[in-house]
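Me: I want to learn how to read a sheet and an interface. Please take me through one case.

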Amino acid sequence: MFGSSGSRVLNVINISYLQSRSKRVWVRKPLGSPMAKSKIFRITPKPVIPEDEKAEMKRLFDNYKNSMKSLRQYFFEQSLKQAESGEVAQMKHRLEDQEHERLMEENLLENEKTAMLREERLKIQAEKTQKNVLASLIKKEREAKQHEIQIEDFLTKQMSTPFIKPENIEKAIEDALANPVNFNFALDLDGYVYRGKETSIDMIPEEKRERLNSN
Amino acid sequence: MPFMKGPAPIRRTMEYLDRNKLVLKERVKIFSINYNTKGENHEGARQFVFWHLPQLQFKNPNIQISTFKNLTPSPFIRCYLENGEEVLMDVDFKSKDEIYERVRRIICKSEETLKAEDKLDNPANFGSKCQKHCICEVPGQLPCPSLVPLPKSWRGKYKFQKPDEL
């Protein structure tokens with residue numbers, strides 16, 4: 001039913017296994033086999049230990065474990081320290097430190113190189129910005145000048161129109177009174193002016209017709 | 001199965017995190033990098049942080065890595081060592097690969113040290129992360145004492161036990 005369970009090993013002192021040629025030794029029940037019919041409903045009685053004894057045992061065990069753990073850790077740290085104080089370890093440390101210093105110096109050199117590159121780049125940028133600023137300033141100046149010229153032109157144009165100043169006012173009034181403006185005129189689509197209220201178009205010959213519209 | 005979320009989620013895969021050589025030396029305790037979010041000369045630093053910072057933290061779970069953004073006009077990396085020393089690396093206008101190489105050369109363990117410390121490679125190491133769990137698995141060595149008990153004269157509890165003093 002179970003089949004022969006593998007090796008027949010005796011409790012040996014030395015390394016080699018000794019084969020036994022006698023009967024098959026029952027070491028244990030094969031793992032996949034079912035429970036025996038006399039054993040399936042068996043309930044093993046749980047060992048009942050009173051609470052205070054449990055507490056006492058727990059206390060003792062805890063103390064023991066704590067001491068063992070701390071001792072073990074202490075010895076581990078001591079062994080580490082010993083390893084570090086040995087000659088080989090010290091040599092290693094020295095080599096490592098030297099290597100580290102060398103790498104730090106390399107790092108410094110590289111930093112300097114990057115710094116130089118950065119300075120150059122910043123210089124180029126500064127020049128560019130300077131040029132830009134100058135160009136914009138020049139542009140602004142030019143624009144201001146043009147603006148001034150425009151203003152002057154406008155002013156001269158305005159000044160050239162006949163203004164009535166306080167000196168001219170009496171003369172202007174006399175002129176205006178002497179020459180009243182008659183608005184009774186009509187315009188043709190072709191631009192001819194017909195003055196007067198009572199004039200009829202047919203009465204005027206063709207020569208006297210066209211008149212310039214002043215202003 | 002859907003795609004992984006986020007930009008470049010390959011950075012979150014175990015293979016990617018494992019496959020790098022950025023194991024910092026033991027004397028480095030803090031690794032900080034200053035960079036800006038805008039600016040051409042910070043591009044390399046930004047890329048380095050994006051691609052390689054997760055790898056760095058994965059390989060060095062016990063050091064503090066911090067990033068500072070938009071504080072200085074030029075980017076740099078600053079490492080604080082055990083003895084108070086500071087390693088300053090100017091990283092202005094460098095590409096991400098240059099920064100990676102520089103960090104590896106200056107403050108990471110070299111390939112030889114990594115190999116020497118590698119437990120898996122060396123068959124002389126035994127344990128959970130090594131090729132064999134115990135020396136008893138090696139043919140030609142003592143079998144496991146759980147199967148074949150050692151002779152009493154080899155066991156410490158019998159050698160040092162002084163039954164008359166107990």
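Me: Which residue stands opposite Met89(B) in S4(B)?

Reply: Start with the ground rules. This is a predicted model, where local features need pLDDT of at least 70, side-chain atom pairs count only at pLDDT 80 or more, and totals for chains, interfaces and linings use all residues. Residues are numbered from 1 along each chain as written, chains are lettered from A and ligands numbered from 1 in written order, and side-chain values use heavy atoms, without hydrogens and water. Strands are DSSP runs (E, at least two residues), and helices are H or I runs of at least four, numbered from the N terminus. Two strands pair if DSSP finds at least two bridges between them. Here Ile77(B) stands opposite Met89(B). Five bridges join S3(B), residues 76-81, to S4(B), and the two run antiparallel.

Me: What is the strand order of the open sheet in chain B?

Reply: S2-S1-S3-S4, with mixed pairing. S2 (64-69) and S4 of chain B are the edges; each has a single partner strand, so one side of each lacks a neighbour in the sheet.

Me: How many salt bridges does the rule find across the interface of chain B and chain A?

Reply: A salt bridge puts a side-chain nitrogen of Lys or Arg within 4 Å of a carboxyl oxygen of Asp or Glu. The rule finds six across this interface. One joins Arg105(B) and Glu110(A), at 2.7 Å from N to O.

Me: Which element gives the largest share of the side of chain B that touches chain A?

Reply: S4(B), with four residues. Contact means heavy atoms within 4.5 Å. It takes 21 residues from chain B and 18 from chain A.
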